[in-house]
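Colleague: I'm new to this one, could you walk me through it? Let's start with the structure on screen.

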Amino acid sequence: MRIILILLTGLFLFQNCKNDNSKSLTINNRGYFEMPGLNVTVFADIYPEGHQTGVTIIQHGERVAANGDVRLEISPGQWSPIPKAGKKVVDSLNNSISQHLWFPDSSRHNKGFNPINYPDLVLTYNVEVTPLAGSAFKILVNLDEPLPEEWVGKVGFNMELFPGHLFGKPFLMDNKPGIFPLQANGPLETDQDHFITQKLASGKELVVAPESNLQRIVFETNGKLELYDGRGNHNNGWYIVREQLIAGKTRGAIEWTVTPNVDENWVYEPVIHVSQVGYHPNQPKKALIETDPVLKNIGNVEIIKITHEGEEIAQKVKAVKWGKFLRYNYFMADFSDIKSEGLYRIRWNDQTSNPFTIGKNIYKNHVWQPVIDYFLPVQMCHMRVSDHYRVWHGACHMDDALMAPTDLNHFDGYRQGNSTLTSYNPYDQVPGLNEGGWHDAGDFDLRVESQMGTIALLAMMIEEFGLEYDATSIDPENHLVEIHKADGKNDLVQQIEHGLRSVLGGYRSLGRLYRGIICPTLDQYVLLGDAAASTDNEKWHPGMSIEKRDDRMVFTEENSRHECQTGAGLAIASRALEKYNRSLARECLETAEALWENSGTKARPGSQKAQFAAELLLTTGDKKYLNELMAMKEEIINQAGRVAWTVGKVLHLIPDEAFKNDLAEAVKQNAANTIEQAQNSPFGVPYRPHIWGAGWGIQRFGVEQYFLHKAWPETIPPDFFMDALNFMLGVHPGHNTASFASGVGSNSVTTAYGLNRADWSHIPGGVVSGTALIRPDLPELKEWPFFWQQTEYVMGGGSTNFMFLVLAVDKYLNSN
């Protein structure tokens, strides 16, 4: 009965509110259509495989529909053919936007980072969007030539609806009711030999969420609309509205009228941004209030202290207008003079922040620990990982690894040239690779740069902070990890040793570094859940059938950048391990020195080579590395913004005062540039939003700023690395105020792109890249487990940079 009432109410609202708007969409100065409560962008983005381009609808501040474009499949996936975008025409005079596109994109046909196999179809077309009365707009698809006969019924125009806002919501197709299902259901039908879920509805008029004034959208056509659940063949799919291109037509091969309902009185609800963890008493404390641009002044905010008797106003602070960033106004409330320890929140009008703590020990517990307690153990490859009653995954990939075949352009950036660069032939079993390492991200490959990046940062934490910590039992001989069971050994050392088993194991067998280890098929690559299920864990050999050859493949490369990065990381690891495992420390150094002789000496002068030389100088004291640094004076000065943080570690070993003075001046000039860049956003750090969230880059920036401040304290302020941490902990744009570190703070990302993403879950201590940019100006961090560009976990710095940064801020604030 309740469902029937909702549908009837929705139908009444739809019939009485359709096109009841006094304003219409017009092109703004950012090149998209705008009216109060509604934006329509037209190919403003460039990432269709991430559901992020095409005709896009932003309704009442939320991106609700995207990827409106011609597609060759009903439910395309990440490796499906996508068109190449040509000239875009924004015609402000006639209030229309059109985009020229074509199939195939020759630059991606079996080429590039993720090669796509295009069918034998040449199709050029324009997508044109023109506003109508009220909030309605027309989508027109015009073909240069009629669709080839053999493709009739296969090519259509898709508009994707974001599922997270629609689960359990009703829809009407030609007044016939339906409900958006929580999961993809059968029965199935086929589309070009692929199984997809049966379409949810078909007709001429689709009304999405008819009962909701803030969500209702009407799609109309003179042809036939079909509504599908795209998750039937891709877990990360969206709901899809589709119409087949009309046979024999060029102009008007598709013609839709789309009418998103708009509340003209809607304004963006203010958001209060604070650290979801809190602040040290001596730390600068600034709350940001993010508002609709219509608000020009917000007056005072209240700093509320929470006591055992409830809440009391600790202070009223004037919120000073910072200005506009992206699409919002920002106001800043400085409450740095509150130093009394306790529990607080910020309030403005009816808006309140989550509670946070002010205390001297704020960063000592429950902030960095989840990284070493949970995330790193869960990512460990070749191990069974359990936490008391729970098994995170079984011992996996025990059949690693086969030598990759030559002349292979694989997926995810893996390429094998015309030689294996080793004594191994394609599909030879390479020993020593079925132990150690961490799964790189939400997928299960092992990249040398992510392995060494993790090793180096863990080693730097031991070296810089003397960190001793034991909460996990790690048994490499039996391939067992038990979380929350101490074994009397430093967890950081054990994790470093685990990473080195993979990197040095590969080096011992191959006589060189591997580029990475990855599964052979896309079906394995997209596996969700237990990594132990991705292969049969039985080493393949030529006497076995090809069908049994599911072992991961190891790739090799000539890459001086990776070799310099790895060598520098090994030098750092050798210093950290000297106290704990001298034989492994010695092997790290010997391998680093061999890499220097074989690759470092031949590398082009620049930041990677300088870092390598600096770390070897700090480790060995050998003057030949000092001489190498001196020979790169000009490059180091010119690239100070990238390498000074590392060279600063060895200033005490450099006798050349002129060089040190020149480097100090370069650091000073870079600091001025950094300050200028940081002033372009209200967040206190240089922030250039992109398709991917900027969090990983910002926390890496924070780590580097810590070392720069340590080397040049008079030049580099500590604010940069403290503000970088605040950004990660919640002071970032958009209405989602979550900490990017899962399980850290009052509010954090708990639906993330990790191995358990299909369960809408998270891994504590995993750190996501965070708020992404929907071009040109919408910050977005949705609760959705399949946006790798927003909520993926990665190795090589994703979590370990965060962990280092927390320890750095804690050390600074409690020693000054």
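Colleague: Which backbone oxygen does the side chain of Arg63 reach?

Modeller: The side chain of Arg63 gets to the backbone oxygen of His51, at 2.7 Å. Keep in mind that this is a predicted model, where local features need pLDDT of at least 70, side-chain atom pairs count only at pLDDT 80 or more, and totals for chains, interfaces and linings use all residues. Residues are numbered from 1 along each chain as its sequence is written, and side-chain values use heavy atoms, with hydrogens and water left out.

Colleague: Is Arg63 buried or exposed, then?

Modeller: Arg63 counts as buried because its relative accessibility is 1%; buried means under 20% relative accessible area, exposed over 50%, and partly exposed in between (1.4 Å probe, protein chains only). Arg63 is found in strand 5, residues 62-71. Helices (H or I, at least four residues) and strands (E, at least two) are DSSP runs, numbered from the N terminus.

Colleague: Switching topic: how many residues has the largest nonpolar core?

Modeller: The largest nonpolar core has 171 residues, and Leu629, Leu663 and Phe802 have the most contacts inside it. Such a core is a set of buried Ala, Val, Leu, Ile, Met, Phe, Trp, Tyr and Cys residues joined through side-chain atoms within 4.5 Å.

Colleague: Which helix gives the most to this core?

Modeller: That's helix 3 (residues 448-465), with 11 residues. Apart from this core lies another one of 55 residues, including Ile57 and Tyr125.

Colleague: And what does Leu629 touch?

Modeller: Not counting residues up to four places away in sequence, Leu629 touches Ala610, Ala613, Ala614, Leu617, Ile636 and Val650. Contact here means heavy atoms within 4.5 Å.

Colleague: How do the axes of helix 8 and helix 11 cross?

Modeller: Helix 8 (residues 607-620) and helix 11 (residues 640-647) have axes that come within 9 Å and cross at roughly 5°. So helix 8 is roughly parallel to helix 11, as angles under 35 degrees count that way. Among the residues in contact are Ala610 and Ala614 of helix 8 and Trp645 of helix 11.

Colleague: What about sheets, which order does the open one of 4 strands have?

Modeller: The order is 19-21-25-24, with antiparallel pairing; two strands pair if DSSP finds at least two bridges between them. Strand 19 (271-273) and strand 24 (320-325) each have a single partner strand, so one side of each is left without a neighbour in the sheet.

Colleague: How many bridges join strand 19 to strand 21?

Modeller: 3 bridges. His273 stands opposite Leu288 in strand 21.

How values were computed:
Polar contact = N/O pair within 3.5 Å; in protein donor to acceptor, adjacent residues only side chain to side chain. Axes fitted to C-alpha atoms, helices over the stretch in contact; angles between N-to-C directions. Parallel < 35°, antiparallel > 145°, perpendicular 65-115°, else oblique.
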